[in-house]
Amino acid sequence: MTKRLETVAMMACLKTLLMLFNCIFWIFGILMLCIGIWMQVQLRNYVDMNSEGSEAESRAALLAIASLGAIVTLTATLACCCTTRGHPALLYLYGAFLAVVALVELGVGASIYAYRTNLNEKFDTNLNDTMAVYGQDARKTSYIDTIQYTLQCCGNRCYTDWLNMYPPKAIPLSCCKVATETCDTNDTDDIYTQGCYTRMMDCIVGNIGLVAAIAIGVAFLPLVGVFLACCLASNINKVKYEQVA
């Protein structure tokens with residue numbers, strides 16, 4: 001009798017912990033969904049410019065995080081129902097899903113780390129190519145204007161990149177610190193002088209530690225859920241066995 005009470009108490013404790021985990025996982029899913037939507041709105045120009053000729057793939061990449069966030073949110077909601085009702089089979093299935101999520105996150109993180117240099121070089125090259133047709137291609141012109149305005153930068157490595165092109169190009173108004181008709185693009189006091197590539201790299205290097213910490217935490221968080229879900233399912237089966245015995 002005492003052993004059975006201990007098992008029931010353990011099951012109640014595991015249910016509470018798993019419900020708490022489900023809430024955290026649900027919040028994590030909402031954050032992923034919001035970040036994915038933000039990327040779709042704010043970073044579309046960067047990805048499109050870096051993926052010339054493969055717009056479908058680039059847009060799919062932008063939607064991937066938002067889609068995963070939506071799936072995680074829905075799964076965490078359903079997991080709360082499974083935890084409350086105490087269905088061992090569904091809990092094991094939930095644990096398996098969390099294991100897959102952990103593997104996917106580790107794979108994505110490793111891929112980004114492995115190809116970070118390639119992506120940086122590609123951004124550098126494509127930015128130069130896009131600048132070369134500025135004013136001739138409306139879409140690419142929009143890309144450059146958006147990037148320079150958003151990152152508060154001008155040119156690739158420096159604002160003089162515009163003047164050193166062949167043939168030389170006038171510095172765009174999107175380089176202006178204040179977008180007004182009185183902005184003189186020949187006056188360095190009125191324009192941003194730092195290059196967009198430099199600004200992008202400074203942003204990445206400055207936040208690489210935080211990004212790495214978040215990536216590791218995010219990848220291993222689902223493993224906690226796997227452990228709790230499997231332990232709870234095992235204890236529920238144990239209680240059922242003791243009742244029969």
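Ala79 is buried, with a relative accessible area of 2%; buried means under 20% relative accessible area, exposed over 50%, and partly exposed in between (1.4 Å probe, protein chains only). This is a predicted model, in which local features need pLDDT of at least 70, side-chain atom pairs count only at pLDDT 80 or more, and totals for chains, interfaces and linings use all residues. Residues are numbered from 1 along each chain as its sequence is written, and side-chain values use heavy atoms, with hydrogens and water left out. The protein has seven helices and zero strands. Helices (H or I, at least four residues) and strands (E, at least two) are DSSP runs, numbered from the N terminus.

**Overall make-up**

- The order of elements from the N terminus is α-α-α-α-α-α-α.
- The protein has 245 residues, and 35% of them are buried.
- Its accessible surface comes to about 14,400 Å². Carbon and sulfur atoms account for 67% of that surface. Accessible areas come from the Shrake-Rupley method with a 1.4 Å probe; for residues, only the protein chains shown count as cover.
- Take the contacts between residues at least 6 apart in sequence: 73% of them join residues at least 24 apart. Contact means heavy atoms within 4.5 Å.

**The largest nonpolar core**

- This core has 22 residues. A nonpolar core is a set of buried Ala, Val, Leu, Ile, Met, Phe, Trp, Tyr and Cys residues joined through side-chain atoms within 4.5 Å.
- Leu18, Phe21, Phe25, Leu91, Tyr94, Leu98 and Leu232 touch the most other members of the largest core.
- At least two residues of this core come from each of helix 1, helix 3 (55–85), helix 4 (88–114) and helix 7 (196–244).
- Domain 1 (1–85) and domain 2 (97–244) each give this core at least three residues. The domain bounds come from an automatic or database domain assignment.
- A second, separate core has 21 residues, including Phe123, Leu127, Tyr197 and Met201.

**Contacts around Phe25 and Val101**

- Phe25 is in contact with Val72, Ala76, Tyr94, Leu98, Val101, Leu221 and Pro222, leaving aside neighbours within four places in sequence.
- Val101 is found in helix 4. Val101 is buried, with a relative accessible area of 4%.
- With neighbours within four places again left aside, Val101 is in contact with Phe25 and Pro222.
- Val101 and Ala219 are 118 residues apart along the chain, yet their C-alpha atoms are separated by 8.0 Å.

- Ala79 lies in helix 3. Not counting residues up to four places away in sequence, Ala79 touches Asn22 and Tyr94.
- Ala79 and Trp26 are 53 residues apart in sequence. From C-alpha to C-alpha, Ala79 and Trp26 are 9.7 Å apart in space.
- Cys81 also has its place in helix 3. Cys81 counts as partly exposed because its relative accessibility is 42%.

**Helix 7: Met200**

- The place of Met200 is in helix 7. Its relative accessible area is 19%, so Met200 is buried.
- Met200 and Leu151 are 49 residues apart along the chain, and their C-alpha atoms are separated by 7.7 Å.

**Nonpolar surface patch**

- Trp26, Ile27, Leu31 and Ile35 make a nonpolar surface patch of about 390 Å².
- Patches are made of residues with over 30% relative accessible area and no salt bridge; like charges are joined within 9 Å, and nonpolar side chains (Val, Leu, Ile, Met, Phe, Trp, Tyr) within 5 Å. A salt bridge is a side-chain nitrogen of Lys or Arg within 4 Å of a carboxyl oxygen of Asp or Glu.
- Ile35 is found in helix 1 (residues 2–42). Ile35 counts as partly exposed because its relative accessibility is 46%.

- The peptide bond from Tyr166 to Pro167 is cis, with omega near -5 degrees. Pro167 is placed in the loop between helix 6 (138–151) and helix 7.
- Gln152 lies in the loop between helix 6 and helix 7. Gln152 is not a glycine, but its phi is positive, at about 55 degrees.
- At 40% relative accessibility, Gln152 counts as partly exposed.
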